[in-house]
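Please walk through this model with me, strand by strand and helix by helix. Keep the sequence at hand.

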Amino acid sequence: MNNKMSNIQAINLRLTVLSLAVIVGLTGCEQSSQSEVDEQQNQTNNAAKSKQNDEQQLELQVQTRQRQHAVSYEAMPQGMMHASVAMQRPILPPDPVDDVVLVSEQDRENYLKSQQNPVKQTVTEPVSTFSIDVDTGSYSNTRRMLNMGQLPPSDAVREEAFINYFDYDYSAPETISTPFKVHTEVATAPWNEHRQLLKIGIKGFEIEKADLKAANLVFLLDVSGSMNAPNKLPLLKTSLTMLTKQLDENDSVAIVVYAGAAGVVLPATKGNDQQAISAALDKLAAGGSTNGEQGIELAYQIAQQNFKKDGINRVILATDGDFNVGMQSVDKLKELVAAKRKTGVALTTLGFGQGNYNDGLMEQLANIGNGQHAYIDNINEARKVLVDELSSTMQIIAKDVKIQVEFNPQQVAEYRLIGYQNRVLANEDFNNDKVDAAELGAGHTVTALYEITLANSEHKQIDELRYQSKTNEKPVASNELAFVKVRFKQPDGEQSELLTQAISSDKIQPLSQASSDFKFAAAVAGFAQLLKGAKYTGDWQYEDCARLATANKGSDTFGYRSEFVQLVNNAAAL
């Protein structure tokens, strides 16, 4: 009996111990779970407090930066504007955050659709007509992208802008009565030994800076929030300061700004009053939205008020092209510029910055406004455009310059114009003096390249027509490849004049015997075509382009050609 009781007591004792153990374990789990919940709640509270503190700190930083940079302009009774208490707060980007995914800047830039010109058969389309183009903005904009480690979008590349970025050793006319000379050269294409390149070059009459006409310049400057970047407004100020140092007491400068509203920060001031001009530029700051319509209208109004008869009258628009307030229709903006050019006031556009850069609009406005478009990506480009090339940038020596080339089907089977896609004209427009074309500045060089396939070549790109009759062909001078005609007007004229030149097949030469300028221009044209997709360049590569350009740099006083070779190497690496 006693043994039985002892066993029962032992069992009860073990059950009691086991129960206590279970209870203690469950209690511990509950305490652990509660601790984790409490810890998570504490972390959430701390994160919320941290986020609130960060938001407060960011707001303080933004407010501080706004106080430092915000400048507004109030219209004065005389049409003047001055800096005052901030009425428009600049849109300032927050400090960079490592884990933010940024949209590609190129995706927000605007370029006109640009496909390479097609190959044409001479027997069906023997005539090619286009306006000259002196814009260089596409090249310097592409340079900016390549130097940032990015290949440019195909539409950003305009072959003619690449070719015409560089000067070539063409002789200039001796008198301004014939404002330019035409030069031609023919040699084998570097990317295809079965085809030839025909180069047509124009060299304008050269005018020394001291002999330039008196200038009436109106700077139309974008000071909107989008210009708040080191490579935008600060570079713009420096660029225009360099330009104004080339002016004298016979010139005048006015400054108009726009950002939400437009106004004058400097009335027409003598060009040698550097203190007043520099002070007006120095006080500019970016902030607000962009109302380009009001700015352009006001700038043209001031230019007209200070019009210099027989002088240079020009509005210089400097912007990233981000017109997002005001005139909604781009077509209306073009109509405005077209109407103002008839008053004798030209428009030059200078592009700055990246991300929201509107290349398409800037180029179109310059084309319509009888001016040129340049892109300023660094201080060296500002010097090139606004100092070294001041004469060609400012003074027009010929307007509405058109080129028409008629190819001889007995000598040339096919041809293709490299570039000038948005400058192609209908053949009937060549003799129509009411059709607008581009202007030529003093000392400017313009170069156009055609790739041609000779009639006796076995490597034609288009099959011959089966039913084309040759019995009615008119006899022609069989040794002529093509006949070049150039129409132009004097700066103050309304009736065009004509220059002509025949190109003999005797001028065809191997690439090795061509001039260094020809070979360098061919390398530049090839590079532009490679960037656009290499549709017509066969197996030719960036390395081939770099070798050809390196061997034909010439004197290269300012290093532009050496820089080009580096850009080709950058593109090859990308």
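**Sheets, rings and helices**

Strand β6 (residues 192-204) and strand β16 (residues 445-454) pair in the antiparallel sense, over 8 bridges. Two strands pair if DSSP finds at least two bridges between them. Helices (H or I, at least four residues) and strands (E, at least two) are DSSP runs, numbered from the N terminus. This is a predicted model: local features need pLDDT of at least 70, side-chain atom pairs count only at pLDDT 80 or more, and totals for chains, interfaces and linings use all residues. Residues are numbered from 1 along each chain as its sequence is written, and side-chain values use heavy atoms, with hydrogens and water left out.

Stay with β6 and β16. L198 stands opposite Y450 in β16. Both strands belong to an open sheet of 6 strands, ordered β3-β14-β16-β6-β5-β19. Its pairing is mixed. The edge strands are β3 (120-121) and β19 (508-509), and each pairs on one side only.

A second open sheet also has 6 strands. The order is β9-β8-β7-β10-β11-β12, again with mixed pairing. β9 (261-270) and β12 (373-375) stand at the edges with a single partner strand each, so one side of each has no neighbour in the sheet. Neighbouring strands here are turned by 15° against each other on average, direction ignored. Within this sheet, strand β10 (residues 312-319) and strand β11 (residues 346-351) run parallel, joined by 6 bridges. The bridge partner of A318 in β11 is L350.

Now the aromatic rings. Rings of Phe, Tyr and Trp (its six-membered ring) pair if their centres lie within 6.5 Å; planes under 30 degrees apart count as stacked, over 60 as edge-to-face and the rest as tilted. The count comes to 21 aromatic pairs. Y139 and F162 have ring centres 5.2 Å apart and planes at 90°, so the pair is edge-to-face. Y139 lies in helix α2 (residues 137-147) and F162 in helix α3 (residues 159-164), so the pair ties together parts that are 23 residues apart in sequence. Y139 is buried (under 20% relative accessible area, with exposed over 50% and partly exposed in between, using a 1.4 Å probe and protein chains only). Its relative accessible area is 1%. F162 is buried too, with a relative accessible area of 1%.

Y450 returns in another pair. The rings of Y415 and Y450 have centres 6.1 Å apart and planes at 70°, so this pair is edge-to-face. Y415 lies in strand β14 (residues 412-418) and Y450 in strand β16, so the pair ties together parts 35 residues apart in sequence. Y415 and Y450 are buried.

One aromatic cluster includes Y139, F162, Y542 and F564. The axes of helix α12 (residues 542-550) and helix α13 (residues 560-573) come within 9 Å and cross at roughly 170°. Axes are lines fitted to C-alpha atoms, for helices over the stretch in contact, and angles run from 0 to 180 degrees between N-to-C directions. α12 and α13 are therefore roughly antiparallel (over 145 degrees) to each other. Among the residues making the contact (heavy atoms within 4.5 Å) are Y542 and A546 of α12 and F564 and V568 of α13.

Finish with Q529, in helix α11 (residues 516-531). Q529 counts as buried, at 0% relative accessibility. Leaving aside neighbours within four places in sequence, its contacts include Q116, E159, W191 and R416.

Technical notes. Parallel < 35°, antiparallel > 145°, perpendicular 65-115°, else oblique.
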